[in-house]
Amino acid sequence: MFKYILLSILILSVLNSCTSAKSEKDINTEEWISLFNGKDLSGWDVKISGYELNDNYKETFIVQDSMIRIRYDNYETFDDAFGHLYYKTPFSYYKLSFDYRFTGEQLKGGVHWNIRNSGVMLHSQSAESNELQQDFPISIELQTLGGLNKGERTTANVCTPGTAVEINSTVDYTHCINSTSKTYHGDQWVHIDAIIMGGEYMEFMVNGDSVLKFTKPQITGGKYSANSSETNLGNFGIQRDLDYWMSKAGTILTEGYIALQAESHPIDFKNIKLLDLCGCMDIKAKNYKSYFVKNKPKACIY
């Protein structure tokens, strides 16, 4: 009898071990979201300066060969038609991954600093909240730049339309802050990863290398410095909501939308994926994940 009891204990121990191993695997498996279905622009909103929401003027944003392509084939001149393609859902704590490449030549009418220049807007205001003539959303821009076949030109820089970030515990009002990345000339694909931790910090990586990290992304109301009473928001085409954004100066940006930028040079994006780091942090819940860093109790499933 004792022999059978020991055998039963051993079997139960093995079964429990297998169950625990499986559970551990489940809670550690990262569930990445594909933001782009590879077929069409479902789930994305278009806003181009001077045009109404979802007026994809002259087919600026197209889908081809499983890529989102920003193209100017139907344009004669750029005429300040700055455009952004917004994903439908705002996020706060997450990892973002995508590939980009510049192609061809800049459209006539684009300014010189927009040659091989684009970006991905983070913690952005929504597409529908943009003013009709607004060129850039209030956001933190992960700036993507391509090399010009001479000299150095870093990518995964940070630019700050109506915002600022802290570097070394000091608010830096510089509009664009360079990363430490290599320069990528030609039409090669470049891989970007970004870690977005709400209003705490953001970190940008290029082809696996960390190239920039900053803290406390925040609204400035377009101020040039902490003590400035002037604003540059009018330069971005913001008029109706000027007082609103000025009143928000100093507010930490903790969440927002993701938007792909169109600034006069053709660019392709693919493999756009996101790992949401907000979720149920109750280990007893069915949808608990060990990698969540921000608790979302209402998301728990039991």
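Visitor: Are F204 and F214 buried or exposed?

Guide: Both F204 and F214 are buried. Buried means under 20% relative accessible area, exposed means over 50%, and partly exposed lies in between, using a 1.4 Å probe and protein chains only. First, some ground rules. This is a predicted model, where local features need pLDDT of at least 70 and side-chain atom pairs count only at pLDDT 80 or more, while totals for chains, interfaces and linings use all residues. Residues are numbered from 1 along each chain as its sequence is written, and side-chain values use heavy atoms, leaving out hydrogens and water.

Now the rings. Across the whole structure, a search finds 15 aromatic pairs. To pair, rings of Phe, Tyr and Trp (its six-membered ring) need centres within 6.5 Å; planes under 30 degrees apart are stacked, over 60 edge-to-face, and the rest tilted. Y72 and Y75 make an edge-to-face pair, with 4.9 Å from centre to centre and 75° between the planes. Y72 is buried at 6% relative accessibility. Y75 is buried too, at 8%. Your pair comes next. The ring centres of F204 and F214 are 5.5 Å apart and the planes meet at 85°, so this pair is edge-to-face. F204 sits in strand β14 (residues 201-206) and F214 in strand β15 (residues 209-219), so the pair ties together parts 10 residues apart in sequence. Strands are DSSP runs of E, at least two residues long; helices are runs of H or I, at least four; both are numbered from the N terminus.

Ring pairs link Y51, Y57, Y72, Y75, F78, F82, F136 and F236 into a cluster. Other rings have a charge over them. That label requires NZ of Lys or CZ of Arg within 6 Å of the ring centre and within 35 degrees of the ring normal. K213 lies over the face of Y201, 4.4 Å from the ring centre. K270 puts its charged end over the ring of W189, at 4.2 Å from the centre.

Next, a covered strand. In β16 (residues 257-262), six of six residues are buried. Y257, A259 and Q261 point one way from β16, while I258, L260 and A262 point the other way. Which strands lie alongside? Two strands pair if DSSP finds at least two bridges between them. Strand β5 (residues 83-87) runs antiparallel to β16 and is joined to it by four bridges. One of the bridge partners is A259 in β16, which goes with Y86. Strand β7 (residues 117-124) is also antiparallel to β16, with three bridges. There, V120 stands opposite L260.

Now a loop residue. S181 lies in the loop between β12 and β13 (190-197). S181 is buried, at 8% relative accessibility. Its side chain reaches the backbone nitrogen of T155 at 2.8 Å. Leaving aside neighbours within four places in sequence, S181 is in contact (heavy atoms within 4.5 Å) with T154, T155, V206 and V211.

Last, the cysteines. A disulfide is a covalent bond between the sulfur atoms of two cysteines. Here a pair counts when the sulfurs are within 2.5 Å. By this rule there are two disulfides. C159 and C176 form one of them, with sulfur atoms 2.0 Å apart. The torsion about this S-S bond is about 110°, so the disulfide is right-handed. This pair links distant parts of the chain: C159 is in strand β9 (residues 157-159) and C176 in strand β12 (residues 176-177), 17 residues apart. C159 is buried at 1% relative accessible area, whereas C176 is partly exposed at 30%.

C280 and C300 also form a disulfide, and their sulfur atoms are 2.0 Å apart. Its S-S torsion is about 95°, so this disulfide is right-handed. C280 lies in the loop between β18 (278-279) and β19 (294-295), and C300 in the segment after β19, so the pair ties together parts that are 20 residues apart in sequence. C280 is buried at 1%, and C300 counts as buried at 17%. Counting bonded cysteines along the chain, the pattern is 1-2, 3-4.

C278 is buried, at 16% relative accessibility.

Technical notes
Polar contact = N/O pair within 3.5 Å; in protein donor to acceptor, adjacent residues only side chain to side chain.
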